[in-house]
Amino acid sequence: MKKVVLLSILISVCSINGFSQKESKKGSLQSFHSRAIVSYNVENLFDTIDDKGVIDEEFLPSGKLKWNSERYQVKLDHLVEAITMNLTENPVIIGLVEIENKGVLIDLKKTGRLAKTNYEIAHKDSPDARGIDCGLLYDKSCFKLLAMENLKVSIDSIPDFKTRDILYVKGQLQGGKVIHLFVNHWPSRRGGEGESEVKRIRAAEVARAKVEKILKADPKANIVLMGDFNDHPDNVSIQKVLKAKEVTESGADLLDLFADDQKAGKGTHSFKGEWGILDHFIVSKALYNGSNGISLSPNDGKIVYEEKLLFTGKDGSKKPSTTYGGPNYYGGYSDHLPIQLILK
């Protein structure tokens with residue numbers, strides 16, 4: 001009799017706390033409500049091991065940057081701090097660019113408070129000459145991986161051109177809600193913005209083609225493009241080719257959540273004292289409107305502009321606190337700021 005009463009009490013307690021046998025069933029997904037997607041260019045997250053076939057000699061203990069295990073660990077600790085800044089719970093999804101390989105993702109997910117979440121890795125090697133890739137961490141308890149693909153960015157007229165692939169991940173959230181994620185690191189502005197623009201336009205064409213394929217199959221698809229696009233919201237690659245518009249613009253199927261921040265003089269990166277939006281959250285209109293089971297917080301998207309992540313110059317100007325400045329080790333975070341998007 002006592003056993004029956006005790007069992008009844010346990011069942012009641014579980015019901016009060018929102019648990020049920022069905023919800024705790026193995027394989028069921030937990031809630032993603034109020035959890036964040038974070039996107040971050042982590043500025044040269046290299047390990048200390050020589051990776052044959054890629055240009056990583058600077059980031060070795062014997063290299064000119066004197067990159068060693070101690071500095072690597074400081075970098076990992078700082079990145080976790082930045083990724084989780086102002087968040088009560090760890091992000092459900094973390095999109096990362098400028099990583100050397102899968103190994104650094106393994107190290108990162110074991111670091112600090114990230115180790116408390118059961119993160120899995122989505123990653124494939126890119127043909128980039130420096131060996132840097134895009135990667136994604138996802139909370140396995142909330143997100144089920146359905147498909148992963150590297151979208152190759154090539155230019156026929158430049159046969160030896162090698163850059164980062166766009167990482168495409170399709171996954172499922174609680175309630176069977178499907179979401180499509182793109183982690184981007186478009187070609188840099190090295191050599192001049194105008195001279196290098198054709199490379200970012202090509203990356204935009206590749207991303208847009210995949211988006212159109214998804215929307216053709218499901219016009220209400222939940223889509224998030226994130227990462228370092230190396231272009232601003234008003235540049236040709238974003239506006240004309242990817243066709244990502246301001247949230248107030250009617251008729252657009254992709255919306256750039258930081259277009260208004262660019263106009264306000266804000267940024268995720270500072271070049272020669274001028275802030276600009278290079279890191280974006282670009283979402284499908286269906287996701288923005290919450291018409292297919294997932295919606296966004298009223299803040300839409302947030303740049304993590306916090307003093308701890310910034311360096312203040314003698315003239316009072318601020319910029320992201322970097323790991324290196326040329327060959328000089330500063331032990332900072334990254335030359336970009338992380339961005340956050342809260343799901344509902």
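## Overall fold

The chain has seven helices and 19 strands; both are DSSP runs numbered from the N terminus (helices H or I, at least four residues; strands E, at least two). Its radius of gyration is 21 Å, close to the 20 Å of the globule rule for 344 residues, so the chain is as compact as a globular protein of that length. That radius is taken over C-alpha atoms, and the rule is 2.2 Å times the number of residues to the power 0.38. Along the principal axes, the C-alpha atoms fill a box of roughly 80 × 50 × 40 Å.

This is a predicted model: local features need pLDDT of at least 70, side-chain atom pairs count only at pLDDT 80 or more, and totals for chains, interfaces and linings use all residues. Residues are numbered from 1 along each chain as its sequence is written, and side-chain values use heavy atoms, with hydrogens and water left out.

## Nonpolar cores

Of the 344 residues, 51% count as buried (under 20% relative accessible area; exposed is over 50%, partly exposed in between; 1.4 Å probe, protein chains only). The largest nonpolar core has 66 residues. A core is a set of buried Ala, Val, Leu, Ile, Met, Phe, Trp, Tyr and Cys residues joined through side-chain atoms within 4.5 Å. Ile93, Leu181 and Phe281 are among those with the most contacts inside the largest core.

Beyond its neighbours within four places in sequence, Ile93 is in contact (heavy atoms within 4.5 Å) with residues including Ile37, Leu136, Phe143, Leu181 and Met226. Another core lies apart from the largest one; it has 26 residues, among them Val153 and Ile223.

## Aromatic pairs

There are eleven aromatic pairs. Rings of Phe, Tyr and Trp (its six-membered ring) pair if their centres lie within 6.5 Å; planes under 30 degrees apart are stacked, over 60 edge-to-face, the rest tilted. Trp275 and Tyr305 have ring centres 5.6 Å apart and planes at 65 degrees, so they are edge-to-face. The two are 30 residues apart: Trp275 is in strand 12, Tyr305 in the loop between strands 14 and 15. Trp275 is buried at 18%. Tyr305 is partly exposed at 42%.

Tyr324 and Tyr329 also pair edge-to-face, at 5.4 Å and 65 degrees. Tyr324 is buried at 10%; Tyr329 is partly exposed at 28%.

## Charges over rings

The charged end of Arg71 sits over the ring of Tyr329, 4.0 Å from its centre. Lys210 sits likewise over Tyr168, at 4.5 Å. The criterion is NZ of Lys or CZ of Arg within 6 Å of the ring centre and within 35 degrees of the ring normal.
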